[in-house]
Amino acid sequence: MRQASDILTFPTAGQGLTEITGELAAWLAGTGLREGLLTMLCRHTSASLLIQENAAPEVRGDLVDWLDRLAPQGPHYRHDDEGPDDMPAHLKATLTGVNLQVPVLSGRMALGTWQGIYLAEHRSRPHRRQVAVHVIGA
Amino acid sequence: MRQASDILTFPTAGQGLTEITGELAAWLAGTGLREGLLTMLCRHTSASLLIQENAAPEVRGDLVDWLDRLAPQGPHYRHDDEGPDDMPAHLKATLTGVNLQVPVLSGRMALGTWQGIYLAEHRSRPHRRQVAVHVIGA
Amino acid sequence: MRQASDILTFPTAGQGLTEITGELAAWLAGTGLREGLLTMLCRHTSASLLIQENAAPEVRGDLVDWLDRLAPQGPHYRHDDEGPDDMPAHLKATLTGVNLQVPVLSGRMALGTWQGIYLAEHRSRPHRRQVAVHVIGA
């Protein structure tokens, strides 16, 4: 039994979802672990991680619009240090969460057929985002 | 230290919550692990996992109604490949999440007194859903 | 490779967020583990765990207000055994979730610069809340 960990960095293009399944799979392959548990932590409070459909791109657009409806910009926030997209970004990151775990089976993430892992950028402008990754197993 | 993993399949009766605590406890007991960490991943994008009260059944009905209010059906989605319950199901799965982790103490899941583990079906019709399970410990 | 686990208890002051990063860091330090994975489970259905900004306190106030808007009190719930704040508390706990995982690097949680770990109390009155903690690594 052994473990590996790292901090991966991903650029985002502003508000929206960036699929990072391939980068995570490559990192996992590099560890040589075949059976175990992969954990990810987005190290930010206005970006997050989620698993969603990687087939129809419309799903991502609808998801971003829905988050905008649930956490709209507006004058009703106390916190607006970094502009009108600041507090809504914190709320969207809270709703979607900053953690994911995926069991590893036969050297691969045990994702479903239609599941992809997405880094969700909730700020308007592009950022560089860090994801801490950890795997433990054999 | 050792680990075990599996893919469990559960039928759902259409939209609603199905308690799977007992099935998970039985699988865990079969591994013989006494101390460790149990992880679950729902391998779908329109079903999810959550921990909620397993005493009052009204909680489940109110929870399902609340998800319907937050992610209502309607003509405002781009994605409707599989009908009007399709995109709302993706949104509800995103809100509730597809991952759970429970520490294992003395051979049992360290759940609180009132906590049960639920598979949440967000599509209208019954489905068969897969949950990847992994435990590591001693 | 080894593991440690415990049940920690935290008092809350009623609805709001209590930062528990320091207590968790102290518990982790006591285990002596330097590399690994820390998991937390809130053992309740009306309190939860989340990671959010620990700099601007306004973020916490805005977050609590937002949860009140998404899950308002009202006569539309079937479940009100323990008063008008009962069912909204279950809904807020479901939205934010009861699990967190943080990789451990060089003996410290790999949190981002602005991230703190919060116990979210969703009931109006103060409670004592239990968090199951588990760490595995070396």
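Reply: Strands here are DSSP runs of E with at least two residues, and helices are DSSP runs of H or I with at least four residues, both numbered from the N terminus. This is a predicted model, in which local features need pLDDT of at least 70, side-chain atom pairs count only at pLDDT 80 or more, and totals for chains, interfaces and linings use all residues. Residues are numbered from 1 along each chain as its sequence is written, while chains are lettered from A and ligands numbered from 1 in the order in which they are written.

Now for the strands around that pair. β4(A) runs antiparallel to β7 (residues 115-121) of chain A, and 7 bridges join them; two strands count as paired if DSSP finds at least two bridges between them. Both belong to an open sheet of 3 strands with antiparallel pairing, ordered β2-β7-β4 in chain A. At its edges are β2 (16-19) and β4 (47-53) of chain A, each pairing on one side only. Neighbouring strands of this sheet are turned by 40° against each other on average, direction ignored; axes are lines fitted to C-alpha atoms, for helices over the stretch in contact, and angles run from 0 to 180 degrees between N-to-C directions.

Finally, a helix joins the picture. Helix α2 (residues 58-70) of chain A lies across β2 and β4 of chain A and runs at about 140° to β2(A). Contact here means that the C-beta atoms of two residues, placed from the backbone, lie within 7 Å.
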